[in-house]
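Here are my notes on the model you sent.

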Amino acid sequence: MGKNQSAERLYKVFIYFVLIMLAVCIIVPVAWVFLASIKENSEFYGNPWAMPKGVHWQNFVEAWNAAKMGEYMVNSVLVTAMALAILLVVALPAAYCLSRFKFKGSKFLNVAFMAGLFINVNYIVVPIFLMLRDGDTWLKKVIGDGFLLNNLVVLAVVYAATALPFTIYLLSGYFATLPHDFEEAAYIDGAGYGKAMTSIIFPMAKPSVITIILFNFLSFWNEYIISMTLMSSAQASRTLPVGLLNLMQAQQSAAQYGMMYAGLVMVMLPTLILYICVQKKLTQGMTVGGLKG
(Lines give C-alpha, C1' and ligand atoms only; values in the text may rest on other atoms or scores of the structure.)
Protein backbone atom coordinates (compact mmCIF):
# COMPACT_ATOMS: atom_id res chain seq x y z
CA MET A 1 0.00 0.00 0.00
CA GLY A 2 2.87 2.34 0.82
CA LYS A 3 4.54 1.69 -2.51
CA ASN A 4 1.29 2.44 -4.36
CA GLN A 5 0.89 5.72 -2.49
CA SER A 6 4.51 6.69 -3.22
CA ALA A 7 4.09 5.86 -6.90
CA GLU A 8 0.84 7.83 -7.06
CA ARG A 9 2.45 10.81 -5.32
CA LEU A 10 5.43 10.67 -7.69
CA TYR A 11 3.08 10.52 -10.66
CA LYS A 12 1.18 13.59 -9.43
CA VAL A 13 4.45 15.48 -8.91
CA PHE A 14 5.48 14.62 -12.47
CA ILE A 15 2.11 15.77 -13.88
CA TYR A 16 2.25 19.04 -11.95
CA PHE A 17 5.82 19.63 -13.10
CA VAL A 18 4.87 19.09 -16.76
CA LEU A 19 1.82 21.35 -16.42
CA ILE A 20 3.87 24.09 -14.76
CA MET A 21 6.50 23.91 -17.50
CA LEU A 22 3.82 24.12 -20.19
CA ALA A 23 2.23 27.10 -18.43
CA VAL A 24 5.61 28.85 -18.22
CA CYS A 25 6.25 28.21 -21.93
CA ILE A 26 2.95 29.94 -22.73
CA ILE A 27 2.79 32.69 -20.10
CA VAL A 28 6.36 33.98 -20.43
CA PRO A 29 6.20 34.78 -24.18
CA VAL A 30 2.75 36.37 -23.81
CA ALA A 31 3.87 38.48 -20.86
CA TRP A 32 7.03 39.46 -22.76
CA VAL A 33 4.97 40.72 -25.70
CA PHE A 34 2.77 42.79 -23.38
CA LEU A 35 5.82 44.31 -21.70
CA ALA A 36 7.55 44.93 -25.04
CA SER A 37 4.49 46.78 -26.31
CA ILE A 38 5.00 49.57 -23.76
CA LYS A 39 8.75 49.97 -24.27
CA GLU A 40 10.46 52.73 -26.20
CA ASN A 41 12.51 51.71 -29.23
CA SER A 42 15.80 52.52 -27.51
CA GLU A 43 15.05 49.90 -24.83
CA PHE A 44 15.08 47.06 -27.38
CA TYR A 45 18.80 47.47 -27.98
CA GLY A 46 19.73 46.54 -24.44
CA ASN A 47 18.75 43.50 -22.39
CA PRO A 48 15.61 42.01 -24.01
CA TRP A 49 14.46 40.69 -20.61
CA ALA A 50 14.75 44.04 -18.85
CA MET A 51 11.57 45.54 -17.47
CA PRO A 52 10.27 48.66 -19.27
CA LYS A 53 11.49 51.94 -17.81
CA GLY A 54 8.02 53.43 -18.20
CA VAL A 55 4.70 53.00 -19.95
CA HIS A 56 4.98 54.22 -23.53
CA TRP A 57 1.32 54.23 -24.64
CA GLN A 58 2.30 56.07 -27.82
CA ASN A 59 3.05 52.68 -29.38
CA PHE A 60 -0.64 51.79 -29.34
CA VAL A 61 -1.66 55.22 -30.67
CA GLU A 62 0.76 54.94 -33.57
CA ALA A 63 -0.24 51.35 -34.31
CA TRP A 64 -3.94 52.28 -34.22
CA ASN A 65 -3.66 55.38 -36.41
CA ALA A 66 -0.43 55.37 -38.44
CA ALA A 67 -0.42 51.63 -39.12
CA LYS A 68 -4.22 51.55 -39.65
CA MET A 69 -4.64 48.74 -37.12
CA GLY A 70 -7.88 50.38 -36.04
CA GLU A 71 -9.38 49.94 -39.51
CA TYR A 72 -8.16 46.37 -39.70
CA MET A 73 -9.65 45.62 -36.28
CA VAL A 74 -13.05 46.98 -37.36
CA ASN A 75 -12.88 44.76 -40.45
CA SER A 76 -12.04 41.73 -38.32
CA VAL A 77 -14.90 42.48 -35.92
CA LEU A 78 -17.37 42.79 -38.81
CA VAL A 79 -16.18 39.63 -40.57
CA THR A 80 -16.09 37.57 -37.37
CA ALA A 81 -19.55 38.74 -36.27
CA MET A 82 -21.09 38.07 -39.69
CA ALA A 83 -19.41 34.66 -39.97
CA LEU A 84 -20.60 33.62 -36.51
CA ALA A 85 -24.16 34.79 -37.25
CA ILE A 86 -24.28 32.91 -40.56
CA LEU A 87 -22.74 29.83 -38.98
CA LEU A 88 -25.22 29.70 -36.10
CA VAL A 89 -28.24 30.30 -38.34
CA VAL A 90 -27.22 27.36 -40.54
CA ALA A 91 -25.52 24.98 -38.11
CA LEU A 92 -28.01 25.00 -35.22
CA PRO A 93 -31.08 23.83 -37.22
CA ALA A 94 -28.93 21.47 -39.31
CA ALA A 95 -27.37 19.82 -36.25
CA TYR A 96 -30.78 19.59 -34.58
CA CYS A 97 -32.37 17.84 -37.56
CA LEU A 98 -29.47 15.47 -38.12
CA SER A 99 -29.30 14.43 -34.47
CA ARG A 100 -33.02 14.22 -33.59
CA PHE A 101 -34.67 12.95 -36.77
CA LYS A 102 -34.13 10.10 -39.21
CA PHE A 103 -35.06 10.86 -42.81
CA LYS A 104 -33.99 9.86 -46.29
CA GLY A 105 -30.48 11.11 -46.87
CA SER A 106 -29.68 11.82 -43.20
CA LYS A 107 -26.95 9.19 -43.08
CA PHE A 108 -25.34 10.59 -46.21
CA LEU A 109 -25.40 14.11 -44.78
CA ASN A 110 -23.85 12.92 -41.52
CA VAL A 111 -21.09 11.11 -43.41
CA ALA A 112 -20.52 14.18 -45.61
CA PHE A 113 -20.14 16.50 -42.63
CA MET A 114 -17.87 13.98 -40.91
CA ALA A 115 -15.71 13.82 -44.03
CA GLY A 116 -15.40 17.59 -43.92
CA LEU A 117 -13.57 17.30 -40.61
CA PHE A 118 -10.61 15.71 -42.40
CA ILE A 119 -10.25 18.44 -45.03
CA ASN A 120 -7.71 21.12 -44.17
CA VAL A 121 -9.18 24.39 -45.37
CA ASN A 122 -5.76 25.76 -46.28
CA TYR A 123 -5.45 23.10 -48.97
CA ILE A 124 -8.56 24.27 -50.82
CA VAL A 125 -7.96 28.02 -50.68
CA VAL A 126 -6.77 28.11 -54.30
CA PRO A 127 -9.89 26.32 -55.67
CA ILE A 128 -12.08 28.68 -53.64
CA PHE A 129 -10.22 31.68 -55.05
CA LEU A 130 -10.48 30.39 -58.62
CA MET A 131 -14.19 29.71 -58.20
CA LEU A 132 -14.85 33.24 -56.90
CA ARG A 133 -12.62 34.76 -59.57
CA ASP A 134 -14.52 32.94 -62.34
CA GLY A 135 -17.77 34.03 -60.71
CA ASP A 136 -16.58 37.64 -60.78
CA THR A 137 -15.65 37.29 -64.46
CA TRP A 138 -19.14 36.01 -65.26
CA LEU A 139 -20.80 38.77 -63.21
CA LYS A 140 -18.79 41.44 -65.02
CA LYS A 141 -20.12 40.11 -68.32
CA VAL A 142 -23.72 40.06 -67.04
CA ILE A 143 -24.04 43.14 -64.81
CA GLY A 144 -20.75 44.92 -65.52
CA ASP A 145 -19.23 44.50 -62.08
CA GLY A 146 -18.07 41.68 -59.78
CA PHE A 147 -18.30 41.56 -56.00
CA LEU A 148 -17.19 38.07 -54.96
CA LEU A 149 -13.53 38.96 -54.35
CA ASN A 150 -12.36 41.68 -51.94
CA ASN A 151 -15.73 41.56 -50.20
CA LEU A 152 -16.02 41.22 -46.41
CA VAL A 153 -19.46 39.63 -46.64
CA VAL A 154 -18.25 36.93 -49.03
CA LEU A 155 -15.23 36.35 -46.78
CA ALA A 156 -17.60 35.84 -43.84
CA VAL A 157 -19.66 33.34 -45.87
CA VAL A 158 -16.49 31.39 -46.73
CA TYR A 159 -15.45 31.37 -43.07
CA ALA A 160 -18.87 30.08 -42.00
CA ALA A 161 -18.90 27.40 -44.71
CA THR A 162 -15.47 26.07 -43.78
CA ALA A 163 -16.47 25.87 -40.10
CA LEU A 164 -19.71 23.96 -40.70
CA PRO A 165 -18.34 20.37 -40.41
CA PHE A 166 -16.75 20.85 -37.00
CA THR A 167 -19.66 22.92 -35.68
CA ILE A 168 -22.35 20.49 -36.80
CA TYR A 169 -20.34 17.55 -35.50
CA LEU A 170 -19.98 19.10 -32.05
CA LEU A 171 -23.59 20.30 -31.81
CA SER A 172 -25.04 17.02 -33.12
CA GLY A 173 -23.16 15.06 -30.49
CA TYR A 174 -24.53 17.33 -27.77
CA PHE A 175 -28.12 17.38 -29.08
CA ALA A 176 -28.11 13.57 -29.21
CA THR A 177 -27.56 13.42 -25.43
CA LEU A 178 -30.62 15.55 -24.62
CA PRO A 179 -33.78 13.64 -23.60
CA HIS A 180 -36.82 13.70 -25.90
CA ASP A 181 -39.29 14.17 -23.02
CA PHE A 182 -39.20 17.97 -23.16
CA GLU A 183 -39.93 18.03 -26.89
CA GLU A 184 -42.76 15.54 -26.56
CA ALA A 185 -44.32 17.66 -23.81
CA ALA A 186 -44.06 20.70 -26.08
CA TYR A 187 -45.72 18.80 -28.95
CA ILE A 188 -48.60 17.84 -26.65
CA ASP A 189 -49.03 21.50 -25.72
CA GLY A 190 -49.35 22.37 -29.41
CA ALA A 191 -45.82 23.56 -30.19
CA GLY A 192 -44.40 22.80 -33.62
CA TYR A 193 -40.95 21.53 -34.47
CA GLY A 194 -39.55 25.03 -34.87
CA LYS A 195 -40.97 26.24 -31.56
CA ALA A 196 -39.66 23.19 -29.70
CA MET A 197 -36.26 23.66 -31.28
CA THR A 198 -35.86 27.37 -30.48
CA SER A 199 -37.62 27.44 -27.10
CA ILE A 200 -36.50 24.15 -25.56
CA ILE A 201 -33.52 22.52 -27.25
CA PHE A 202 -31.41 25.58 -28.01
CA PRO A 203 -31.60 26.99 -24.44
CA MET A 204 -30.67 23.56 -23.09
CA ALA A 205 -27.68 23.48 -25.43
CA LYS A 206 -26.37 26.87 -24.31
CA PRO A 207 -23.02 25.52 -22.96
CA SER A 208 -22.33 23.75 -26.26
CA VAL A 209 -23.32 26.82 -28.28
CA ILE A 210 -20.94 28.99 -26.24
CA THR A 211 -18.19 26.45 -26.87
CA ILE A 212 -18.58 26.52 -30.64
CA ILE A 213 -18.86 30.33 -30.60
CA LEU A 214 -15.54 30.61 -28.76
CA PHE A 215 -13.73 28.05 -30.91
CA ASN A 216 -14.96 29.58 -34.14
CA PHE A 217 -14.32 33.13 -32.91
CA LEU A 218 -10.68 32.21 -32.31
CA SER A 219 -10.49 30.56 -35.73
CA PHE A 220 -12.07 33.47 -37.61
CA TRP A 221 -10.25 36.17 -35.67
CA ASN A 222 -6.79 34.66 -36.23
CA GLU A 223 -7.33 33.38 -39.78
CA TYR A 224 -4.76 34.64 -42.27
CA ILE A 225 -4.46 32.52 -45.44
CA ILE A 226 -8.06 32.76 -46.69
CA SER A 227 -8.27 36.47 -45.87
CA MET A 228 -4.97 37.22 -47.59
CA THR A 229 -6.03 35.28 -50.70
CA LEU A 230 -9.57 36.61 -51.08
CA MET A 231 -8.82 40.22 -50.04
CA SER A 232 -5.53 40.65 -51.90
CA SER A 233 -6.59 43.75 -53.86
CA ALA A 234 -8.48 45.60 -51.14
CA GLN A 235 -5.99 47.05 -48.67
CA ALA A 236 -8.67 49.03 -46.79
CA SER A 237 -10.70 45.84 -46.23
CA ARG A 238 -7.94 43.65 -44.87
CA THR A 239 -8.47 41.86 -41.58
CA LEU A 240 -6.31 42.24 -38.50
CA PRO A 241 -3.94 39.25 -38.99
CA VAL A 242 -3.14 40.37 -42.56
CA GLY A 243 -2.61 43.95 -41.42
CA LEU A 244 -0.47 42.75 -38.53
CA LEU A 245 1.86 40.81 -40.81
CA ASN A 246 2.25 43.83 -43.05
CA LEU A 247 2.97 45.94 -39.96
CA MET A 248 5.60 43.47 -38.75
CA GLN A 249 7.33 43.43 -42.12
CA ALA A 250 7.32 47.22 -42.34
CA GLN A 251 8.35 47.96 -38.76
CA GLN A 252 11.17 45.42 -38.66
CA SER A 253 12.94 47.35 -41.40
CA ALA A 254 12.01 50.68 -39.78
CA ALA A 255 13.10 49.46 -36.31
CA GLN A 256 9.75 50.48 -34.78
CA TYR A 257 9.54 47.46 -32.51
CA GLY A 258 7.26 49.04 -29.94
CA MET A 259 4.58 49.70 -32.54
CA MET A 260 4.95 46.14 -33.86
CA TYR A 261 4.41 44.56 -30.44
CA ALA A 262 1.52 46.91 -29.76
CA GLY A 263 -0.12 45.50 -32.89
CA LEU A 264 0.46 41.98 -31.57
CA VAL A 265 -1.27 42.90 -28.31
CA MET A 266 -4.25 44.27 -30.26
CA VAL A 267 -4.66 40.89 -31.92
CA MET A 268 -4.26 38.84 -28.73
CA LEU A 269 -6.22 40.95 -26.25
CA PRO A 270 -9.79 40.32 -27.55
CA THR A 271 -9.27 36.55 -27.56
CA LEU A 272 -7.84 36.59 -24.03
CA ILE A 273 -10.72 38.70 -22.72
CA LEU A 274 -13.31 36.46 -24.39
CA TYR A 275 -11.69 33.31 -22.99
CA ILE A 276 -11.60 34.73 -19.46
CA CYS A 277 -15.29 35.71 -19.70
CA VAL A 278 -16.56 32.31 -20.91
CA GLN A 279 -14.00 29.96 -19.38
CA LYS A 280 -16.49 28.21 -17.08
CA LYS A 281 -19.10 27.86 -19.82
CA LEU A 282 -16.46 26.49 -22.17
CA THR A 283 -15.40 23.78 -19.72
CA GLN A 284 -19.04 22.91 -19.06
CA GLY A 285 -19.82 22.68 -22.76
CA MET A 286 -16.90 20.33 -23.40
CA THR A 287 -17.66 17.96 -20.50
CA VAL A 288 -21.43 17.90 -19.95
CA GLY A 289 -22.12 15.87 -23.09
CA GLY A 290 -19.72 13.17 -21.98
CA LEU A 291 -21.22 13.13 -18.49
CA LYS A 292 -24.72 12.67 -19.83
CA GLY A 293 -23.60 10.09 -22.36
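1. Classes are as follows: Ala, Val, Leu, Ile, Met, Phe, Trp, Tyr, Cys and Pro are nonpolar; Asp, Glu, Lys and Arg are charged; the others, Gly among them, are polar. Of its 21 lining residues, Ile 119, Val 121, Thr 162, Ala 163 and Pro 165 lie nearest the centre.

2. The model is predicted: local features need pLDDT of at least 70, side-chain atom pairs count only at pLDDT 80 or more, and totals for chains, interfaces and linings use all residues. Residues are numbered from 1 along each chain as its sequence is written, and side-chain values use heavy atoms, with hydrogens and water left out.

3. Which helix gives the most to the lining of the largest pocket? Helix 6 does, with seven residues. Helix 4 (106–116), helix 6 (152–175) and helix 9 (206–222) each supply at least two. Helices here are DSSP runs (H or I, at least four residues), numbered from the N terminus.

4. The second largest pocket has about 170 Å³ of space. A pocket is an open set of points on a 1 Å grid over the protein atoms alone, where a 1.4 Å probe fits, with protein on both sides within 12 Å along at least five of seven lines; lining residues have an atom within 4 Å of a point. Volume is the space filled by probe spheres set on the points, which are joined across faces, edges and corners.

5. Lining residues of the second largest pocket include Ile 26, Leu 218 and Met 268. Seven are nonpolar, two polar and none charged. Helix 12 (257–292) gives the largest share, four residues.

6. Helix 7 (residues 181–188) packs on helix 8 (residues 193–204) at about 145°, axes 10 Å apart. Axes are lines fitted to C-alpha atoms over the stretch in contact; angles run from 0 to 180 degrees between N-to-C directions. Phe 182, Glu 183, Ala 186 and Tyr 187 of helix 7 meet Tyr 193, Ala 196, Ile 200, Ile 201 and Met 204 of helix 8 (heavy atoms within 4.5 Å). That contact has eight nonpolar, no polar and one charged residues.

7. There are two salt bridges, by the rule of a Lys or Arg side-chain nitrogen within 4 Å of an Asp or Glu carboxyl oxygen. One of them joins Glu 8 and Lys 12 at 3.8 Å, N to O. Glu 8 and Lys 12 are four residues apart in helix 1, so about one helical turn separates them.
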